[in-house]
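Me: Please take me through some backbone and strand features of this model, with the cut-offs behind each term.

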Amino acid sequence: MNLPTTSARLIGRDKDLALLREVFADAATGIPRTLILGGEAGIGKTRLLSEFLAQVHPEALVLTGQATDQGSVPAAYSPITAVLKSLQTQCGPDALREAAGAGIDALATLLPALGPAATNSVPSFAFDARGAGRLHETVALILETLSRERPVVLAIEDLHWADGATLQLLGFLVRSLTRERILLVLTYRSDDVSRGHPLRAFLGELDRTRRVHRHDLTRLSAHEVGEQVVAILGTRPDPADVARVYERSEGVPFFVEELIGIADSGGAELPDSLRSLLLGRYDALDSSTQTLLRVLAVGGVRVDHRLVSAVYPGDAETLDASARAAVQANVLVADERFYTFRHALVREAIAADLLPGERTRFHAGFAEAIETLNLESSPWAEVSNHWMAARNYERAFPATQRAKDAAYDAFGYASVAQFGERMLDIWDQVPDPEQVARVSRLELMYFTACALHDAGNLERSAVLVDQALAGPEIISPVLRAKLLRYRSLYLTRLARPGSREALEEALSLIPGDASPVLRAFLLNDLAGRCMIEADLEGTFALAEQAYAVASDVQQKNPSAGPMFAMSLARDYAGMSRFLEGDLDAATDLFAQAEELAQADPEILIRHQTFISDAHTLTGAYRDSVLIARAGIAQAQAIGMERSIGLILASNAVEPLLSLGRWDEADALIEDTLALHPALAYAVYLRFSQVRSVLWRGDPQRAWTLLQRWRPQMEVLGDSEVQTRFAVAEITGQVALAVCDLRAAWDATAPLREPNRRVVPAYDLTLLAVSARVLANVRTEYLRAAEGLSPTPETVLPEGLSLAELDAHEEHWRELIARCAAWPTASFWTAIFEAELSGPSGTGEDPEAWRLAVAAAESLVAPARYRAYTAMRYGQTLLERGERAEATEALTAAIRHACDLGATLLESAALESAHRGGLALAGPGRIRHAPDEDRLTAREMQVLELVAEGLNNRQIGERLYISTKTASVHVSAILRKLQASSRTEAAVRAQESGLLG
């Protein structure tokens with residue numbers, strides 16, 4: 001009797017199937033999901049996925065791809081190419097072109113039938129990952145567009161065999177598809193992912209994404225195995241036989257099928273070992289069929305009949321008979337062109353059983369056959385892998401070169417790097433490798449390092465560059481300069497020292513008339529380094545040289561003119577003049593840069609990053625947001641929203657916060673960080689995130705986040721003046737909020753550096769925060785001089801004196817005076833003066849704060865300062881006993897804080913009013929939605945302790961929280977209960993039943 005291969009119905013997977021349907025339901029409503037389905041080999045991942053896809057197919061667009069075992073280095077994007085071909089078949093090429101938009105040329109690198117492919121002809125010294133970025137964005141755009149018509153399910157199987165480029169693209173899709181009707185289902189063999197497997201890092205990265213769910217399939221129970229046996233046999237066998245099948249299979253569905261299949265073919269005994277089980281059907285076949293299966297096992301899971309015919313040692317008639325026997329034995333599945341093993345485990349067991357001689361012979365045969373037949377897919381990766389397995393390095397080397405070139409053309413940089421490293425490994429075992437590779441060994445090392453860098457492997461790229469520079473071979477000056485430039489690049493991106501020195505050495509190797517385009521790039525790179533180090537004269541001089549060199553190339557050969565280098569040089573020159581305060585000269589240089597950028601949308605977008613930065617630094621926040629948003633739209637139009645568009649997205653965050661559009665800023669921070677921007681932009685976003693958390697009323701969490709991210713911030717700040725000042729500013733603000741005056745004072749260190757160049761765009765905000773720090777420290781020292789104990793919970797700096805504080809104030813006043821011409825100086829100066837006002841210099845003069853309140857109405861003032869200055873004004877008025885005016889000021893502060901969602905300031909203003917015995921009413925009264933009026937669980941705990949009469953310090957001790965946090969909770973309780981005092985809050989809580 002010829003039994004079915006598998007059961008007609010799915011056994012024991014009801015809960016797993018329900019989970020798949022659940023995540024699909026989420027995706028169908030516009031909540032994108034990724035389900036990673038793991039499990040050991042034979043556990044039934046493919047069967048479960050097939051069942052699920054069949055169920056959702058009527059209402060969803062189903063796209064499938066599968067990674068296959070192609071050897072140690074698979075071809076780039078092979079599962080993605082299969083998905084795109086499926087998409088082309090289902091939707092048609094015209095619909096695919098329309099969905100791809102401007103990125104169609106990038107997509108055509110994988111599907112040449114769609115039209116001319118994008119060229120990857122970037123000079124090696126300008127190597128970057130733009131092509132891969134465009135391809136990734138294009139695939140994402142296609143899925144987004146198609147998901148508007150109906151939900152999309154993208155399923156990729158066997159990730160443990162996927163190439164690095166595919167993993168990068170899938171990781172990008174998981175992070176970037178945030179609001180579309182898309183479900184990604186990714187499967188992998190959990191028992192094949194060892195400690196060093198590349199999939200391990202990929203899965204670990206995805207685990208940090210909230211929209212990703214990991215799910216492992218478990219083995220079947222004894223009862224479920226019995227159901228599976230009945231479903232296959234059609235009758236209920238003897239319970240003892242079922243028990244033996246369960247014992248041998250250990251609940252793995254595929255093993256159950258194999259055991260029954262062996263018994264059905266006449267096997268008397270069930271096999272005792274896994275190898276015997278997997279080879280059970282194979283062993284029952286004749287020798288010619290076994291030979292065919294051994295050939296196929298070398299060829300892969302799915303092998304073209306033409307290749308098999310070329311490698312199989314028998315004639316065509318014998319091959320056909322053997323193939324038919326293997327299909328009838330349920331070992332193979334055959335279609336019009338391909339033979340496929342019914343399960344990869346069987347193929348792996350047969351491959352492991354090969355003798356060394358036939359293994360080498362068959363691999364060589366497949367390599368020869370692929371080269372001879374010249375298949376349309378040009379699988380040079382397979383040829384390379386076959387020759388490597390056959391240990392024929394002389395033939396493997398040129399095949400690997402062609403595989404590397406093919407991966408480069410498809411922007412598969414991870415694969416480019418792998419093939420490059422393979423060529424380097426066998427370089428010394430190949431006759432005349434330089435002639436075959438068309439490059440020297442050192443040039444190949446450089447090219448491979450570039451690919452590693454763009455594949456995201458910065459550390460490995462750095463190792464390869466350093467090896468090339470330190471090696472014994474003679475390096476030409478131009479190649480050494482390229483390698484040094486890349487050393488500078490990775491040092492910058494890893495935030496390590498030495499970047500400037502590497503560029504200076506590289507420039508010294510390139511005379512003025514040699515490699516002028518490379519020289520222009522190096523000059524620009526060095527100008528950029530000087531700019532972030534605040535060496536503005538050096539920035540301008542180098543940018544002018546870069547422009548002159550690039551302009552000369554343009555005049556001599558317009559078609560080869562490096563417009564990017566020219567535009568970038570003008571931007572660097574303009575920014576140096578801008579930061580020096582010569583805004584007219586900067587405006588003229590920026591205009592020249594924009595004119596040069598018009599010919600290339602990408603250059604124009606990069607130019608807009610400079611302009612949006614400049615507007616933010618001069619307080620033109622609305623213009624900055626408009627420019628950044630326009631640049632993001634342009635990046636989207638050319639398929640680079642999620643690559644160079646990320647820079648503009650990060651630029652938009654700070655002006656949005658300054659405008660008071662905090663929800664927009666928070667959403668942009670979250671979306672941008674999810675796409676893993678470069679270290680510098682991630683750090684800038686973290687600054688904004690900490691600032692948002694702080695002003696929204698959670699200083700302890702802001703402090704925790706700052707401590708977590710501060711090492712990265714400080715590493716970057718070691719080489720970037722802007723970052724160093726930003727770290728100091730946010731640290732000072734958060735440290736003040738948690739009463740750590742020692743950390744706050746330490747944060748003012750950049751202003752205390754001797755012989756430091758003043759850059760108003762960076763200095764002013766830190767000067768304002770530092771003035772507040774100095775005033776707070778001075779207050780505590782004055783208290784000590786009067787014999788009073790320090791304010792509770794306050795951590796004081798050590799080794800200071802009042803005289804030293806006075807000296808620092810005098811120095812800072814000199815600094816702020818030197819910033820007077822900057823567009824935002826009048827506002828920040830008003831804040832500075834108010835913080836240090838009054839006879840004791842601790843910010844107690846109401847008139848100074850009244851002036852600060854007026855200054856906060858300026859368009860250059862960040863929105864939070866309206867609430868802050870009004871609050872401080874109210875506090876000083878209250879100290880003077882001017883209660884009516886204080887009530888008005890604090891009411892205004894609360895209104896402004898509520899409009900923003902600035903809970904920190906709202907709570908502080910309410911606490912001030914409470915301490916002063918003020919009953920706030922009228923327009924300052926806070927109106928919240930019903931949900932916001934409900935006390936949280938923590939607030940209920942605090943309320944009970946308030947009712948007991950405990951003060952904030954005692955509440956903190958009882959609940960193991962800081963006094964400051966207890967104060968924030970008390971303020972929130974007063975607001976929500978609309979109580980003007982703690983006693984009133986306790987009475988109202990008792991009357992309303994909140995206290996039982």
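Me: In which loop is the place of Ala 534?
Reply: This is a predicted model, in which local features need pLDDT of at least 70, side-chain atom pairs count only at pLDDT 80 or more, and totals for chains, interfaces and linings use all residues. Residues are numbered from 1 along each chain as its sequence is written, and side-chain values use heavy atoms, with hydrogens and water left out. Helices (H or I, at least four residues) and strands (E, at least two) are DSSP runs numbered from the N terminus. Ala 534 has a positive phi of about 65 degrees although it is not a glycine, and its place is the loop between helix 27 (516-532) and helix 28 (536-556).

Me: Is Ala 534 buried or exposed?
Reply: Buried means under 20% relative accessible area, exposed over 50%, and partly exposed in between, with a 1.4 Å probe and protein chains only. Because its relative accessibility is 13%, Ala 534 counts as buried.

Me: How many bridges pair strand 1 with strand 4?
Reply: Two strands pair if DSSP finds at least two bridges between them. Ile 36 stands opposite Leu 186 in strand 4. Strand 1 (residues 33-39) and strand 4 run in the parallel sense, and the number of bridges over which they pair is seven.

Me: How many residues of strand 4 are buried?
Reply: Ile 182, Leu 184, Leu 186 and Tyr 188 point one way from strand 4, while Leu 183, Val 185, Thr 187 and Arg 189 point the other way, and all are buried. Strand 4 (residues 182-189) is thus mostly covered, with the buried count being eight of its eight residues.
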